[in-house]
Amino acid sequence: MWLLENQGDVFQGRRLWLRPGKLYLLGRTASEPGQVAISDKTVSRKHLTVQVDAVAEGDGRNPRSRSQITIEDLDTKKGTVLNGEQIRGQRRVLAREVNEIQLGLCAKLFRIVWHPLVFSFSFTNKELRNDPWTKLRRDLEQLDIKYSAEP
């Protein structure tokens, strides 16, 4: 699962889980649902979007897969720096597991980090007759939580 972290006090020491299939807006004001407010005058009101794609069917059983995440600077005055590269007015698909983001000249750096989460299950022969994988896929896969069966 993808987590949004901040070196400053934006989340009061917590991390924000970026749910697959959702769009997040980072900016100076929180006027819309799903918007993360950052108190810094160099951050635009609507500065950056973070789009987390839905999980592809079957990816819950593949521990190496991860949902695709795309960030877009909304053509801001001060821009956005992603992993040391200025991306003003551009979109980028994140390829790294750890991505550092600076909004404007804000000293509070953000990180979008991939934290793999895998649940391991062991089923009896009786449980396997009822196909427990269907429920697991329905409950866990779209959360980008991986699952496997013990041998």
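Select Leu3 and Trp17: Leu3 stands opposite Trp17 in strand β2. Strands here are DSSP runs of E with at least two residues, and helices are runs of H or I with at least four, both numbered from the N terminus. The model is predicted, so local features need pLDDT of at least 70 and side-chain atom pairs count only at pLDDT 80 or more, while totals for chains, interfaces and linings use all residues. Residues are numbered from 1 along each chain as its sequence is written, and side-chain values use heavy atoms, with hydrogens and water left out.

Two strands count as paired if DSSP finds at least two bridges between them. Now show the whole open sheet, whose six strands come in the order β2-β1-β11-β10-β7-β8 with antiparallel pairing. At its edges are β2 (16-18) and β8 (85-86), each of which pairs on one side only.

**The five-stranded sheet**

Next, select the strands of the other open sheet, ordered β4-β3-β5-β6-β9 with mixed pairing. Its edge strands are β4 and β9 (91-93), and each pairs on one side only. From one strand to the next, the twist averages 20°; angles run from 0 to 180 degrees between N-to-C directions, and the axes are lines fitted to C-alpha atoms, for helices over the stretch in contact.

Strands β3 and β4 (residues 35-37) run parallel and are joined by three bridges; here Gly27 stands opposite Ala37 in β4. On to β3 and β5, which pair in the antiparallel sense over four bridges, with Leu26 opposite Leu48 in β5. Then come β5 and β6, antiparallel and joined by five bridges, where Gln51 stands opposite Thr70 in β6.

Colour β3 by accessibility: four of its five residues are buried, meaning under 20% relative accessible area, against over 50% for exposed and in between for partly exposed (1.4 Å probe, protein chains only).

Stop at Thr49 in strand β5. Thr49 counts as buried because its relative accessibility is 13%. Leaving aside neighbours within four places in sequence, Thr49 is in contact with residues including Leu23, Tyr24, Leu25 and Thr70; contact means heavy atoms within 4.5 Å.

**The nonpolar cores**

Select Leu18, Val50, Ile71 and Ile112, which touch the most other members of the largest nonpolar core, a set of 24 residues. A nonpolar core is a set of buried Ala, Val, Leu, Ile, Met, Phe, Trp, Tyr and Cys residues joined through side-chain atoms within 4.5 Å. At least two residues of this core come from each of β1, β3 (23-27), β5 (48-52), β6 (69-73), β10 (98-103) and β11 (110-114). Centre on Ile71: not counting residues up to four places away in sequence, Ile71 touches, among others, Leu48, Val50, Leu82, Ile101 and Ile112. A second, separate core has seven residues, including Leu3, Leu136, Leu140 and Ile145.

**The helices**

Select α2 (residues 132-140), whose buried residues are Pro132, Trp133, Leu136 and Leu140. These residues lie on the same side of α2 because they cover an arc of only 95° around the axis, taken from the directions from the helix axis to the C-beta atoms.

Finish at Glu127 in helix α1 (residues 125-129). Glu127 counts as partly exposed because its relative accessibility is 38%. Not counting residues up to four places away in sequence, Glu127 touches Ser122 and Pro132.
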